[in-house]
Protein chains: 2
Amino acid sequence: MRTIEWHEDKEAVKLIDQTLLPREYKLVECKRVDELIDAIKSLKVRGAPALGAAGAFGVVLACINANSKEAVESEVRELKIARPTAVNLSYGVDRVFNAALRGKTTAEMKLYALEEANRIAEEDIAVNKKIGEYGSELLKDGDVVLTHCNAGRLACVGWGTALGVIRTAIGKGKRIEVIACETRPLNQGSRLTTWELLHDNIPVTLITDSMSAAVMRAGRVNKVIVGADRVVKEGVLNKIGTYMHALVANAHNVPFYVAAPLSSFDMESSYKEIEIEERNPEELIYFGSEQIAPLDVNVYNPAFDFTPFELIEAVITENGVVHPVT
Amino acid sequence: MRTIEWHEDKEAVKLIDQTLLPREYKLVECKRVDELIDAIKSLKVRGAPALGAAGAFGVVLACINANSKEAVESEVRELKIARPTAVNLSYGVDRVFNAALRGKTTAEMKLYALEEANRIAEEDIAVNKKIGEYGSELLKDGDVVLTHCNAGRLACVGWGTALGVIRTAIGKGKRIEVIACETRPLNQGSRLTTWELLHDNIPVTLITDSMSAAVMRAGRVNKVIVGADRVVKEGVLNKIGTYMHALVANAHNVPFYVAAPLSSFDMESSYKEIEIEERNPEELIYFGSEQIAPLDVNVYNPAFDFTPFELIEAVITENGVVHPVT
């Protein structure tokens with residue numbers, strides 16, 4: 001099963017519910033755009049490339065359920081802004097909506113939309129594999145690679161970006177170990193990265209985010225590879241904590257790499273113009289149903305941070321490895 | 001109620017159960033050394049100065065329950081190594097046991113032990129207030145101070161070290177805000193620091209540990225103050241994550257201070273000789289009763305890290321502010 005795919009018989013988007021991992025592997029189906037928006041906002045599906053596919057398949061849902069071009073357009077407008085920071089969501093929506101416009105009826109629009117959405121999904125896997133090819137050249141046999149959040153197959157349609165690089169390197173016979181940072185507050189590292197690496201028998205050690213500096217000081221890390229939610233003209237927006245890891249990697253002369261498809265690039269924009277999503281304070285006050293902080297405490301909970309190119313050794317794309325000139 | 005104190009009627013050590021905060025404020029009594037060791041290992045009582053008092057009162061319990069000097073010695077030997085990293089625990093045990101040795105019977109030993117243990121507890125508060133006096137001179141009206149873990153009154157007998165500095169500064173009329181890092185994996189920042197600051201009406205904002213770099217880059221932090229579990233000849237051992245905050249503070253020219261009583265100093269030792277306690281992997285695999293990582297994942301879970309003096313602007317002690325020469 002891919003992370004996200006179209007189910008034609010049911011006319012539904014089928015996706016792995018990532019909020020239940022690693023305890024439960026469950027697929028959910030969204031038959032309406034509002035269901036898909038809920039799935040995106042609640043992080044059942046997350047990761048910039050997977051959000052691109054979600055946006056793409058969401059346009060197909062809109063074509064099925066709406067009865068005019070205008071109604072489709074109105075539904076996808078909501079979808080496009082379900083989460084603000086990753087550029088891929090709006091990229092997927094726009095590209096598929098433009099393809100759908102070739103249809104005269106909503107039935108025709110659906111056919112064009114589905115064709116384009118499936119193309120985006122196939123491209124995503126192909127692009128990930130190319131990123132893997134280029135990136136794997138940067139890894140040496142025996143490397144220990146630290147990663148943050150989940151930039152694996154669960155963040156994409158299939159292979160993965162940062163973890164795709166590791167998969168490809170291992171496929172080429174290199175021995176690679178991974179240190180996964182748990183990635184607070186939603187623990188995508190604990191829940192998703194360790195799960196998918198163990199599934200593939202890739203050796204992985206889980207640490208808290210705050211341990212990365214200590215493990216680097218101990219000389220236990222050779223490289224850092226993370227994904228990106230958006231690459232802008234001065235650097236990279238990615239999961240909160242990425243900037244911290246980049247600073248400590250640089251302090252220990254550990255190369256810091258970003259693996260990202262070109263669909264995550266938005267080189268016209270400055271990071272200052274991009275909205276950093278602030279999520280619910282309850283993510284830090286509760287852990288599941290357990291209260292871990294006073295209910296009335298003030299919380300700051302940005303989902304992303306900005307890492308300048310100065311701290312990034314290279315960005316690994318499907319067209320090659322880019323060394324930022326700063 | 002102090003964090004830890006002697007209850008003469010019951011011949012028991014009474015302490016606040018810190019594992020239940022902030023949901024529940026509950027006092028527990030330990031009447032035997034093994035109960036106290038359990039309370040220490042399970043972190044019902046934690047924080048270097050509070051562990052010093054725990055070690056001190058533990059010797060009193062040993063004198064009450066043992067029937068010979070040798071039996072007392074054997075009980076306190078276990079107590080001394082209940083947790084290995086903070087020096088205060090063994091300092092408290094040794095000092096009180098030496099005082100107890102003046103007694104000829106265990107009944108006499110108990111009297112001498114209790115006198116010395118109460119002296120340690122009183123001294124701790126007096127020392128904290130002196131640290132507060134010296135440290136408060138370093139804070140300016142309007143400062144936003146980031147802290148990690150809990151070096152507050154819950155980590156001590158009363159006033160606190162890092163948070164004691166903030167309390168004293170506020171008592172002198174300075175407006176100070178605190179940013180509390182949640183402090184994974186056991187969330188002493190979320191659970192304890194926010195709780196005790198809200199209790200005193202000190203403005204506090206809770207963030208994840210990984211956000212400290214982003215908030216410093218945004219210019220939101222003027223100072224960092226943390227406590228110490230042990231000050232050695234090259235630097236400071238403190239809660240895991242301290243070294244990360246020190247690196248990012250230095251990268252943003254934010255002064256990084258350590259507040260620590262001289263009883264935490266062990267200047268004869270190198271950090272290389274000090275055992276860094278590695279705690280149970282389950283602390284990262286479960287959150288309370290909720291599973292958040294695959295059960296078979298490898299985990300690295302050191303409780304402390306080492307921060308070299310190069311990254312420390314000053315250590316605030318009861319005898320004054322020491323600027324390390326490196």
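Q: How many salt bridges does the rule find across the interface of domain 1 and domain 2 of chain A?
A: One. A salt bridge here is a side-chain nitrogen of Lys or Arg within 4 Å of a carboxyl oxygen of Asp or Glu. This is a predicted model: local features need pLDDT of at least 70, side-chain atom pairs count only at pLDDT 80 or more, and totals for chains, interfaces and linings use all residues. Side-chain values use heavy atoms, without hydrogens and water; residues are numbered from 1 along each chain as its sequence is written, and chains are lettered from A in the order in which they are written.

Q: Which residue does A:Glu277 form a salt bridge with?
A: A:Arg83. The closest N and O atoms are 3.0 Å apart.

Q: Where are the domain bounds in chain A?
A: Domain 1 is 4–128 and domain 2 is 138–322. Such bounds come from an automatic or database domain assignment. The C-alpha centres of the two domains lie 25 Å apart.

Q: How many residues does the contact take from each domain?
A: 27 residues from domain 1 of chain A and 33 residues from domain 2. Contact means heavy atoms within 4.5 Å.

Q: What about the area buried between the two domains?
A: About 2,600 Å², with carbon and sulfur atoms giving 58%. Buried area is the accessible area (1.4 Å probe) that two parts lose on being put together, summed over both. On the domain 1 side, A:Arg46, A:Thr85 and A:Asn128 lose the most area to domain 2, together 25% of what that side buries.

Q: Switching to the chains. How many residues are in the contact of chain A and chain B?
A: 52 residues from chain A and 52 residues from chain B. The two chains bury about 4,400 Å² between them, 66% of it on carbon and sulfur atoms. A:Ser210, A:Arg217 and A:Tyr300 supply 14% of the area that chain A buries against chain B, more than any other three residues.

Q: And how many salt bridges between chain A and chain B?
A: Four. B:Glu290 forms a salt bridge with A:Arg23, where the closest N and O atoms are 3.9 Å apart.

Q: New topic: in what order do strands E1, E2 and E3 of chain A form their open sheet?
A: E1-E2-E3, with antiparallel pairing. Strands are DSSP runs (E, at least two residues), numbered from the N terminus. Two strands pair if DSSP finds at least two bridges between them.

Q: Which are the edge strands?
A: E1 (4–7) and E3 (27–30) of chain A; each pairs on one side only.

Q: What stands opposite A:Lys14?
A: A:Glu29, in E3 of chain A. Strand E2 (residues 12–16) and E3 of chain A pair over four bridges.
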